[in-house]
Amino acid sequence: MFGKGAKSFVAQLPLLFAMVLFSFISLWIMHLDMNMRSSLM
Amino acid sequence: MDCCEVKDGIHMMPGNPDWMFFTGIGLTLLVSFLLYFKKNDRRITSRFDLTKIRFIEWLIKKRWVQFAFQLPLFLLFVIILYAGLFGNQLINIAPALTWTIWWGGLIFAILFLGKIWCFVCPWDFIASLVSRLRFWNVNKDPISLNLKWPKYARNITLAIGLFIILTWLELGYKVTSDPFATAIMGIAMTLLVVFPIFIFEKKSFCRYGCLVGRISGLYANVAPIEIRAKSHDVCLSCKSKDCYNGNDNGYACPTGLNLTGLNENTYCIMCTECFKSCPKDNVALNIRPFASDILDYRKPRLDEAVLAVILLSLTSFHGLSMTPVWEDLTSGGVSIISTLNTFFGLGSLFSFSVGMAGILLVPFLLYIFLCFLSHKIAHNEITTKEIFVRFSYSLIPIALFYHLAHNGMHVAMEGQMVLPLLSDPFGFGWNLFGTVGQTYPMLLGDTTVWILQVIFVVIGHIIGIKIAAKA
């Protein structure tokens, strides 16, 4: 989509950053303590 | 077996330890740079058609088979409705069966079996029965006005809206612990499926409006199973297009698909009607490598792209809303909800709604901004919208595998709660199987759950990176 070359490499970095950020958030949420549903039953 | 900690009557599962969290981050960063810019990525594209097995071919062409699978699910659905509406509201099987077993297990079913839920769907069972007035035989004149779905609504906006509403009800109203509300939601879903079948042609609601079908549709592109034409040449030479139009042996494709152009699982509901209607016996039920469709998605669409980003936001929100960062149930300490409560002073539900809207919007706007940034750097004719649509599919496996990690925790740590309830599903004081009053260990210990969660997130990230690299 972006073609080749250094510019294409740099252009894709924001999207790569987005994916790393979203995976980081997933890991961070799982790092937190959780109130389990069983406590609500 | 490890166990949850109990604070002030609240069962708390400790989060992943620091070392596991940082290992997960390290792995995601490592695979990002190793895979994203890797060239000459070879892929396995082979398929095995399960209909080559005589028994499966025989089974799949029998009209009564779907009925035989749907009937038990329908009866279970009736039990859930009865329990929710008329059962004891404290001891009740409806929430555990619905939210822990079904909603929790659904994502695992999609990962391995694709749109299998649509095949056994009890809502579809009811809608088909009342419209077709047949248990399984073909009725060429079902009760329906057969109107076309409105042109402006031929997208999945309705399903996205229903998904947001469901999440708001589920987490805002804590429907997951309320048997009566769970039953009401089941009835509401039934009405949502049944009414359109009397008005619109085929199963238009399944195609455009069903939130379960559309979410599982996007996720099913990762699944290792597909229904496809055996030979595209045979399809191209076919004049009657019975898969699309239907015949005496099978209904027209309920979601309006034509096998000739079927390359993704998104809208296939695996009803198997095309196996019955195809006069050339040209339909295959293929086992294939994971993520086959999504690595080579041919028809990206804006509405699907929006759902992909929303899926990511809302699945993360499911997890976040259970943490003390969102709402501190134990000590009344500082949390997002308490801060919003103090700021607005309009009650918890209002604060919840504002917080949820923020969590929906922030990732969405951030992603648009990053796509815009990418567009500016590239400085070519590719628009921000094109980048948004094309790259959003790389977020689907990240959402799916986080969803698996989150739901897997529910099933592993809460699934055993169903066992005592099986003996007394309505809270009437029964003890049918002698399991009342028994305590059962969790299916998996918390260390195992943590390890699996990190593995799931890393796998989702790897697939996402591979999709983005190909986009």
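The contact between the chains takes 33 residues from chain A and 56 residues from chain B. The model is predicted. On the side of chain A that touches chain B, two elements give two or more residues: α1 and β1 (34–35) of chain A. Helix α1(A) supplies the largest share of that side, 21 residues. By residue type, the side of chain A that touches chain B divides into 22 nonpolar, eight polar and three charged residues.

One helix pair links the two chains. Two packed helices are described by the angle between their axes and the distance between the axes. Helix α1 (residues 6–31) of chain A packs against helix α16 (residues 348–378) of chain B at an angle of about 175°, and the axes are 8 Å apart. Angles over 145 degrees count as roughly antiparallel, so α1(A) is roughly antiparallel to α16(B). From α1(A), the residues in this contact are Lys7(A), Ser8(A), Val10(A), Ala11(A), Gln12(A), Pro14(A), Leu15(A), Phe17(A) and Ala18(A). They meet Tyr367(B), Leu370(B), Leu373(B), Ser374(B), Ile377(B) and Ala378(B) in α16(B). The residues of this helix contact divide into eleven nonpolar, three polar and one charged.

Chain B holds an open sheet. Three strands form this sheet in the order β3-β5-β4 (chain B), with antiparallel pairing. The edge strands are β3 and β4 of chain B, and each pairs on one side only. Strand β3 (residues 48–49) of chain B pairs with strand β5 (residues 283–287) of chain B over two bridges, in the antiparallel sense. Strand β4 (residues 225–229) of chain B is joined to β5(B) by five bridges, and the two strands run antiparallel. Here Ala229(B) stands opposite Val283(B). In a regular strand the side chains alternate between the two faces of the sheet.

The largest nonpolar core has 109 residues. Met19(A), Ala308(B), Leu311(B), Ile396(B) and Ala399(B) touch the most other members of this core. Leaving aside neighbours within four places in sequence, Ala308(B) is in contact with Leu218(B), Ser392(B), Tyr393(B), Leu395(B), Ile396(B) and Ala399(B). Another core, of eleven residues, lies apart from the largest one. Phe77(B), Ile80(B), Met417(B) and Phe426(B) are among its residues.

Helix α10 (residues 211–219) of chain B is a buried element. Nine of its nine residues are buried, so α10(B) is largely enclosed by the rest of the structure. These buried residues are Leu211(B), Val212(B), Gly213(B), Arg214(B), Ile215(B), Ser216(B), Gly217(B), Leu218(B) and Tyr219(B). Their cover includes α4 (93–113), α5 (116–120), α7 (157–172), α9 (204–208), α14 (302–320) and α18 (395–414) of chain B.

Ala159(B) shows one part of this cover in detail. Ala159(B) is found in helix α7 of chain B. With 23 other C-beta atoms within 10 Å, Ala159(B) is buried. Not counting residues up to four places away in sequence, Ala159(B) touches Tyr208(B), Gly209(B), Cys210(B), Leu211(B) and Arg214(B). Leu211(B) and Arg214(B) are among the buried residues of α10(B). The C-alpha atoms of Ala159(B) and Leu76(B), 83 residues apart along the chain, are separated by 25 Å.

Most residues other than glycine have a negative phi. Thr272(B) has a positive phi of about 70° although it is not a glycine. Thr272(B) lies in the loop between α12 (242–245) and α13 (273–277) of chain B. With 20 other C-beta atoms within 10 Å, Thr272(B) is buried. Asp281(B) is not a glycine either, and its phi is positive at about 55°. Asp281(B) sits in the loop between α13 and β5 of chain B. This residue has 12 C-beta neighbours inside 10 Å, so Asp281(B) counts as exposed.

A further loop residue is Phe428(B), in the loop between α19 (418–423) and α20 (446–470) of chain B. Phe428(B) counts as exposed because it has 11 C-beta neighbours inside 10 Å. The C-alpha atoms of Phe428(B) and Asn263(B) are separated by 51 Å, and the two residues are 165 residues apart along the chain.

Technical notes: Residues are numbered from 1 along each chain as its sequence is written. Chains are lettered from A and ligands numbered from 1 in the order in which they are written. This is a predicted model: local features need pLDDT of at least 70, side-chain atom pairs count only at pLDDT 80 or more; totals for chains, interfaces and linings use all residues. Two strands pair if DSSP finds at least two bridges between them. Helices (H or I, at least four residues) and strands (E, at least two) are DSSP runs, numbered from the N terminus. Axes are lines fitted to C-alpha atoms, for helices over the stretch in contact, and angles run from 0 to 180 degrees between N-to-C directions. Angles under 35 degrees count as roughly parallel, over 145 as roughly antiparallel, 65 to 115 as roughly perpendicular and the rest as oblique. Two residues are in contact if their C-beta atoms, placed from the backbone, lie within 7 Å. Ala, Val, Leu, Ile, Met, Phe, Trp, Tyr, Cys and Pro count as nonpolar, Asp, Glu, Lys and Arg as charged, and the others, Gly among them, as polar. A nonpolar core is a set of buried Ala, Val, Leu, Ile, Met, Phe, Trp, Tyr and Cys residues joined through C-beta atoms within 7 Å.
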